[in-house]
Amino acid sequence: MPLKKLYGPPWHGEWQKYIKAPEDKSHILPERIYKVRGNVSTSSSSSSMGSRSVLPGNDFEEVTGQGRGDGILLGMGGSLTVAFKENIGGRICLDIDSIGTGSEKEGVVTVTLGYSESPWYAGPVPDATGDRQDRDLPLRLKLKGGKTGKVCVGKDFIRGSFKYFTISVPVPWALGEKSQTREDRHWLRIKSLWAVLTSYPDEKHGRNYTGYFHSSNDLLNRIWYSGAWTLQLSTIDPKEGSSLIDYNRQIDHNNSPQGSWYSNFTISNGTSVTTDGAKRDRMVWPGDMFIAIPGIAVSTKDMLSVRNALDVLYNFQYEDGSLPYAGPPMGHHHEFSDTYHLHTLLGTYNYVLYSGDLAYLRSKWNAYQRALNVSIAKVDSMGLLHVSSVSDWLRPGLTGHNLEASAILYTTLSKSIVLAKWLSSIDAEDETDMFAMFRNQDLIYSWKETQKRIEKGLARLYCPSTGLFSDNIGQRSCKGRYHVDPQDGNSWVLISGLDLSESNLPFTDPKSEERELSPLPEGVPSKLNISDNLIKRWTKFGAPAPEFPNVISPFASGFELLAHAASGNISAAVELMLLEWGYLLDGPGFTNSTLAEGFRVDGHMQYPAYPSAARNSHAHGWSSGPTSVLINSVVGIQVTKYGGLELVVNPRLPGWLSFVRGGFELSSGWVEILVWRVKEWGQKMKKTDGTGIIITVTIPKQTVNGLIQFGGLFKDLWEDEMRKGHRVVPYSWGEEAFAKGFDQLRLGIMSEFGTGEFLKGEYKSQNFVLKFDEDYVPLEMDDTRPPGVVDWDVMEENFRGPVYEGWGFDRLKTAAEREEEEENLFARAMESGMGMDGGFEYLD
């Protein structure tokens, strides 16, 4: 069964400290008190207003006492914000010790709950999931006075992702409760509060990863595991989906007021599904899946959740063969995107590649071909895909004969050819289905002919003046009024493996029907040229996306990572991870644990697709690109046949690292690679001048064909065949990594000592001992790049959703000004009674 996991990973090590999934997902305590406002204290007496203060920074367990009888007392107007160690999500539960209305008769005590991923919006009013106003409404719980015990928020009001949680007791007269007077004194004393994590519902033990990564760079390690955790958080129960309640209304006819939110819309079949983001949109988006599926495959191998996501997209395939822009609530009104349509097909390829589930491919093959034909039919005499939809990843300008869409189609055709060959190989073994084999061969020929047309068409878009490709043949062309060389499209040119030879020199006029070659003063563009020209545009915080002004997008930058890897420029890929994803982790306003949807070019946490910075999704699967790229292109494990039946191992050790290792589970077994820099010592431990690289390769026993490659592109290529199920240990000497001339150490000669880490190990031969090179000095980051500059007018033009008064709340605000705004918002929340009513349940 391709989707079945093996019993436990065969490796353990210090890298496990980076895993962010909790030991017990049913009971996650806050780490510390983050903020206190108004009447909040600790007390062992329900009638007292407190014996000592609760202060920001206090350890939560110490404050609550946890078994000593202490607790936290919130009086009227009191508000307590706690911070969890990581960005998490799910249901909040309270252990209520006492609750009172201050009157003789039993009444109702209303408490409000606020959630935020970012510390900037930690307070009584939540951050945002919707786009109708800048913040969501607080969730109101009307608790019965005198009723104690454990109570949890109702399942309809799961909050998909938050790191900061706030509980408040508003003044009762602000709530319009007729039974209350200003003499009433409401209070709530809790013994504790905790979160019940509802993500990855089919997996109880979220720390049991089926893959791992470890390197000499702590930040790079954090980035890899943050990507894996982001993907875990974004995997949800299908019955708890879609935060787009306005869109849901077309299907479920809800009457939720503006600013309200819930999580009870069914988005797929099954019990678990991968989505775009944990907080929002909690939907199946094909574009996000292109980045997410390989990341899931090399970390947790939750391929069933991937298959459920693909299923819903195929289930909503339209009559004309096109696939929906996204899963439910979309798909009912022919929502469509030319690029996301193709991403579904690429997602199908990645799913089959990593899972080995050929039966699934066969079941979808007819639908797959119908969908592919939709895109092929749009390739006209220009040799480019003429898009019929402006929808993409919210970037503007997706019109006409588009670079990105055409390059994605070229890539999809390459993957489709591979899929057809896999099916043909199975059909050849089944003599009763020989006709299917011949049909697939005809398809392969037809698809290759389409690729030739696209190769010539894409040449129209090359701009010699910039060394990059332009967005289309119209106003965003090389000589167009709004010339744009997009990050996404140029990245896809490299990902596609497009032939950049001299036969495809650009047209003088991109709209000409006749092929008329224009001069190339800098010569024929190489893959490395394009990679270098992308690097030249980097700013202080990452790689901007010119096609979407003011934006740094980890989604488009994820494409760029793949592009640098495809060009052989692995050092550039790793540097971009440290630059952009390092900022996504540690920059102001971010979570330090998950990866956000995007941010502004000036480093501000706002994602410029939305007026409200509070709407940014801080756990977004499309931002997890480094998780797969580090395994596939740095550790160098490349799956080339479904389920791992064939592998190519081509590790690269960039100048940023002194060692790297990693592995993951395939349906054929486990694969693991270790790479590290060594120096040579004589038999008597006398140091010599020799330095080099050692690689240890272990492949599954069920792998039929395996190839080891080192070097290439920049250096001579050395390669050898791998024996299935065996470990090989090649090494190289020279000033540069992977210099010409490899040898192979005898198997089983590794000597371990100390902690057992391979860094402490030695490789012994008859004449020398190899030890880890502790003297190696990694490269340093370039800190001279300037930040980007925001064009406020253009940003407002590109907003998706209504632009409401006061959208510029975060425009050039200092931290002090932002805090003042939050204090004013707190006062309004306490005095106005703002909120939405939510359900809850007592556990005892």
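The model is predicted, so local features need pLDDT of at least 70 and side-chain atom pairs count only at pLDDT 80 or more, while totals for chains, interfaces and linings use all residues. Residues are numbered from 1 along each chain as its sequence is written, and side-chain values use heavy atoms, leaving out hydrogens and water.

**Helix packing**

- Helices α13 (residues 570-586) and α14 (residues 625-635) pack with their axes 11 Å apart, at an angle of about 160°. Axes here are lines fitted to C-alpha atoms, for helices over the stretch in contact, with angles from 0 to 180 degrees between N-to-C directions; helices (H or I, at least four residues) and strands (E, at least two) are DSSP runs numbered from the N terminus.
- α13 and α14 are therefore roughly antiparallel (angles over 145 degrees count as roughly antiparallel, under 35 as roughly parallel, 65 to 115 as roughly perpendicular and the rest as oblique).
- On the α13 side, Ile570, Val574, Met577 and Trp581 make the contact, and α14 answers with Pro626, Val629, Leu630, Ser633 and Val634 (contact means heavy atoms within 4.5 Å).
- That contact of α13 with α14 has 8 nonpolar residues, 1 polar and no charged ones (Ala, Val, Leu, Ile, Met, Phe, Trp, Tyr, Cys and Pro count as nonpolar, Asp, Glu, Lys and Arg as charged, and the others, Gly among them, as polar).
- Helix α5 (residues 303-315) and helix α6 (residues 338-355) cross at roughly 150°, their axes coming within 11 Å. That makes α5 roughly antiparallel to α6.
- From α5, Met303, Val306, Arg307, Leu310, Leu313 and Tyr314 meet a set in α6 including Thr344, Leu345 and Tyr351. The contact of α5 with α6 splits into 8 nonpolar, 4 polar and 1 charged.

- The largest pocket has a volume of about 1,200 Å³. On a 1 Å grid over the protein atoms alone, a pocket is an open set of points with protein on both sides within 12 Å along at least five of seven lines, a cavity is a set where a 1.4 Å probe fits but cannot get out, and lining residues have an atom within 4 Å of a point. Points are joined across faces, edges and corners, and a volume is the space filled by probe spheres set on them.
- Its lining counts 37 residues, with Lys415, Ile495, Leu562, Gln638 and Val639 closest to the centre. Elements giving two or more residues to this lining include α6 and α14.
- By class, the lining of the largest pocket has 19 nonpolar, 14 polar and 4 charged residues.
- The second largest pocket holds about 760 Å³. Its 43 lining residues include Asp131, Leu244, Asp281, Leu394 and Arg615, which lie nearest the centre, and they divide into 15 nonpolar, 12 polar and 16 charged.
- Helix α3 (residues 245-252) gives the most to the lining of the second largest pocket, namely 4 residues.

- Most residues other than glycine have a negative phi, and most peptide bonds are trans.
- Arg280 and Asp281 are joined by a cis peptide bond, omega about 10°; Asp281 sits in the loop between β13 (273-274) and α4.
- Pro328 to Pro329 is also cis, with omega near 15°, and Pro329 is in the loop between α5 and α6.
- Tyr200 is not a glycine, yet has a positive phi of about 35°.
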